[in-house]
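Trainee: I am new to this structure. Please take one part and walk me through it closely, then show me what else is worth a look.

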Amino acid sequence: MSITRRSLLILATAAGLAGGSHFAYAADVLNVGSYPNNPPFEYKTANGGFEGFEVDIVNEAAKRAGMTTNIADYGFQALFAATSSKRIDVAISSITITPERLKSQSFTQPYYDSDMGVAAKDGSSIKALADLKGKTIGVLSGSTGEKWANDNKAAQGFADVKGYNSQQDMFLDLGAGRIDAVVSDIPGMQYLFVKTKGFAIKDRIKTGEQYGLMMTKDSPLVAKINDAITAMKKDGTLEKIHEKWFGGKAPAGSSTVTELPIPKA
């Protein structure tokens, strides 16, 4: 009996169904948006790939969920629209979990604790937060640094708050004297100042900020990726990633090593 082309197609379809969801699940792709210049959390390499603390986290979490990652380049502000419109599933860029953001986004449990800082040129007369009265402050547009600066503009007496789309442009303006100081996350600035000389963190602003993977609001993938992060905390993988990028173990009791609930609005 001859086997027709139609019969072969039917057999192939049946074989695929017999394989079950395993093959479809293994082929799932987690679409990730990343700001390309935020070391050590994420940065774009010369060959166009991404590396960094959060890149390792999202790659490992996806792997444990049976998925692969596709990481694309986005501006920081664009990440929020991209998750909301479902162009991406996840955004990484040391994104602070806030009640305001939880209204339109979902987050995994936090995995990094951070504060903000005031940075200025080494020789600046600015030595502390109190010295910013009458000064122009640079912030990354869409960041919690921008929100803090605008919320405290009147109380602190800032002359102006200027938003930037990239950390590079912001510090170019600081170096050129077009702004007087920068308010931003301390870890990213510390890493930047290892290679970019002439700047220093002058004061710390205690905020209790925590970073998580930002995802499309109420995405069914949130629980799956969050479970992977829990497993990474329990078996020590997340602490090893921290040690790789920050040169030491995470503080005891920090969100890097402590299992926490998924944040709720």
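Mentor: In this predicted model, strand S2 and strand S3 (residues 42-44) run antiparallel and are joined by two bridges. Look at Asn 38: Glu 42 in S3 stands opposite. Now widen the view. S2 and S3 belong to an open sheet of three strands, in the order S2-S3-S4. The pairing in this sheet is antiparallel. Strand S2 (37-38) and strand S4 (50-51) are the edge strands, and each pairs on one side only. In general, strands of a sheet pair through backbone hydrogen bonds, either parallel or antiparallel.

Next, the helices. Start with helix H8, residues 167-176. Its buried residues are Gln 167, Met 170, Phe 171, Asp 173 and Leu 174. Look down the axis of H8: these buried residues fall within an arc of 155°, so they line one face of the helix. After H8 comes Gly 177, with a positive phi near 85°.

Move on to helix H10 (residues 221-234) and helix H11 (residues 237-246). Their axes come within 4 Å and cross at roughly 75°. H10 and H11 are therefore roughly perpendicular to each other. On the H10 side, Ile 229, Met 232 and Lys 233 make the contact. H11 brings Thr 237, Leu 238 and Ile 241. Sort the residues of this contact by kind: four are nonpolar, one is polar and one is charged.

Conventions. Residues are numbered from 1 along each chain as its sequence is written. This is a predicted model: local features need pLDDT of at least 70, side-chain atom pairs count only at pLDDT 80 or more; totals for chains, interfaces and linings use all residues. Side-chain values use heavy atoms; hydrogens and water are left out. Axes are lines fitted to C-alpha atoms, for helices over the stretch in contact, and angles run from 0 to 180 degrees between N-to-C directions. Angles under 35 degrees count as roughly parallel, over 145 as roughly antiparallel, 65 to 115 as roughly perpendicular and the rest as oblique. Contact means heavy atoms within 4.5 Å. Ala, Val, Leu, Ile, Met, Phe, Trp, Tyr, Cys and Pro count as nonpolar, Asp, Glu, Lys and Arg as charged, and the others, Gly among them, as polar. Two strands pair if DSSP finds at least two bridges between them. Buried means under 20% relative accessible area, exposed over 50%, partly exposed in between (1.4 Å probe, protein chains only). The arc is that of the directions from the helix axis to the C-beta atoms.
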